[in-house]
Amino acid sequence: MSEKKDDGLKEDFEEDFKEDFEEIEEEEVEEEFIIPVEEKPEEEEVEEMDEEIKQMFLSSGIHIGTKILSGKLRNIHLNHFSASNDFIYRQTNYGLYVLNIRRTEERLHIAAKWIAKFIEEGKTHDESSKIVISSVRRYGKEPIRKFSEVLGKNVIARDIRFVPGSLTNPNMEAYIRNVSLVIIVDPHADKQALKEAKIARIPVLSLIDTDDDLANVDLAIPANNRGKKALGLVFFLLAREVLRLIGQISSDEEFPYNREDFESKIVPIMRE
Amino acid sequence: MIMEQCSCCGRKITPYENAVHFPCPNCGDVTIWRCEKCREAGNSYTCIKCDFLGP
Ligand SMILES: [Zn+2]
Ligand SMILES: [Zn+2]
């Protein structure tokens, strides 16, 4: 397991670093990050990705990982017997791991299908089942609030604190009945939600950054889970696709929101 | 009683463990089961219908 931060100060610094890095990224990355790694298997190069989507992804910093690579992701990356679950693209000269945006794009589509399936199946029961989405991270709160607002009352956002017992203790006021899926932004930060989903045997969808572990996660979306723009983009794309899949809109153009609506309004602290 | 099999390791799942099951995220047609151990270890599962490799 990675030696991930426990004290708030260190965490704040990391978040700011990442946010700062995004600022740098927009100017420099164009050349810096698109260069393919030589050792990559050839199939990686032939996989086409729509240029507009690619630019949207790169400009949000969704691919920017951390300097830590968790054991599980490292194993999969090193034994590339299957490219479909290798989330790592390369390591930069600064030692930063970069996520493979093709995998991010694929997983966003798969996650949208999965969420849509839970929503549709949930409707057929007497009491509609619920999806709980949790983020205690600073820049995750607004995206998940918006996601829940757009998808309706059966998607419940827990954006301040995940009250212990919410999924496991029916005697508590905070208890949420009939939960079919738990969505989290960060397995470390949202560890209470993850732990309770495990005990309550509820499937878990999580964003996975390079330093995150896959423990108790049933579907992973490789993505920067600290950056403001990255988180806004993830939940904008997910909400739009889910609405289309459940038939509430018939095309992406009908989606009445933009990326900024899903972004945190908190101004990042810039350091000298 | 039919015991479900873990989609990661193939072991029979007991009713006493914190196993999980869900529709395959990709095709939605197959129920994936993960035993407590495999889920905790983040072990990969494969869908028998569409070959989706999770998590
Ligand atoms: Zn197993
Ligand atoms: Zn499948």
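Read from the N terminus, the elements of chain B in this predicted model follow the order β-β-α-β-β, which comes to 1 helix and 4 strands. A compact globule of 55 residues would have a radius of gyration near 10 Å, and chain B, at 10 Å, agrees with that. Buried residues account for 36% of the 55 residues in chain B. Of the contacts in chain B with a separation of 6 or more, 40% join residues 24 or more positions apart.

B:I32 sits in strand β2 (residues 31-34) of chain B, and it counts as buried because it has 23 C-beta neighbours inside 10 Å, where 20 or more are needed. Setting aside neighbours within four places in sequence, B:I32 touches B:S7, B:H21, B:F22, B:C24, B:Y45 and B:C47. As for B:H21, it is 11 residues away from B:I32 in sequence, yet the C-alpha to C-alpha distance is 5.4 Å.

The peptide bond from B:G54 to B:P55 is cis, with omega near 0 degrees, and B:P55 lies in the segment after β4 of chain B.

Next comes the contact between the two chains. It draws on 16 residues from chain B and 21 residues from chain A. On the chain B side, the elements that supply two or more residues are β1 (20-23), α1 (36-41) and β4 (53-54) of chain B. Of these, β1(B) gives the most, with 3 residues. By type, the residues on this side of chain B split into 7 nonpolar, 6 polar and 3 charged.

Chain A, for its part, has 8 helices and 7 strands. Its buried residues make up 45% of its 272 residues. Among the contacts in chain A with a separation of 6 or more, 69% are between residues 24 or more positions apart.

How do the two sides of a helix in chain A compare? Take α4 (residues 71-78) of chain A, where the buried residues are A:K72, A:L73 and A:I76. These three cover an arc of only 95 degrees around the axis, so they end up on the same side of α4(A). An α-helix has 3.6 residues a turn, so residues three or four places apart point the same way. The other side of α4(A) carries A:G71, A:N75 and A:L78, which are exposed. As for the cover over the buried residues of α4(A), it includes β1 (88-91) of chain A.

Helix packing shows up elsewhere in chain A. Helix α6 (residues 141-151) and helix α8 (residues 228-245) of chain A pack at an angle of about 10 degrees, and their axes are 9 Å apart. The two helices, α6(A) and α8(A), are therefore roughly parallel to each other, since angles under 35 degrees count as such. From α6(A), the contact takes in A:P143, A:I144, A:K146, A:F147, A:V150 and A:L151. From α8(A), the partners are A:L231, A:G232, A:V234, A:F235, A:L238, A:A239, A:V242 and A:L243. Taken together, the residues of this contact of α6(A) with α8(A) come to 12 nonpolar, 1 polar and 1 charged.

Two asparagines in loops of chain A round out the picture. A:N178 has a positive phi of about 60 degrees although it is not a glycine, and its place is in the loop between β4 (155-158) and β5 (179-184) of chain A. A:N216 likewise has a positive phi, near 65 degrees, in a residue other than glycine; A:N216 belongs to the loop between β6 (204-208) and β7 (219-222) of chain A. Which of these is buried and which is exposed? A:N216, by contrast, counts as buried because it has 26 C-beta neighbours inside 10 Å.

How values were computed: Residues are numbered from 1 along each chain as its sequence is written. Chains are lettered from A and ligands numbered from 1 in the order in which they are written. This is a predicted model: local features need pLDDT of at least 70, side-chain atom pairs count only at pLDDT 80 or more; totals for chains, interfaces and linings use all residues. A residue is buried if 20 or more other C-beta atoms lie within 10 Å of its own, exposed if 12 or fewer, and partly exposed in between; C-beta atoms are placed from the backbone. The arc is that of the directions from the helix axis to the C-beta atoms. Two residues are in contact if their C-beta atoms, placed from the backbone, lie within 7 Å. Axes are lines fitted to C-alpha atoms, for helices over the stretch in contact, and angles run from 0 to 180 degrees between N-to-C directions. Angles under 35 degrees count as roughly parallel, over 145 as roughly antiparallel, 65 to 115 as roughly perpendicular and the rest as oblique. Ala, Val, Leu, Ile, Met, Phe, Trp, Tyr, Cys and Pro count as nonpolar, Asp, Glu, Lys and Arg as charged, and the others, Gly among them, as polar. The radius of gyration is taken over C-alpha atoms; the globule rule is 2.2 Å times the number of residues to the power 0.38.
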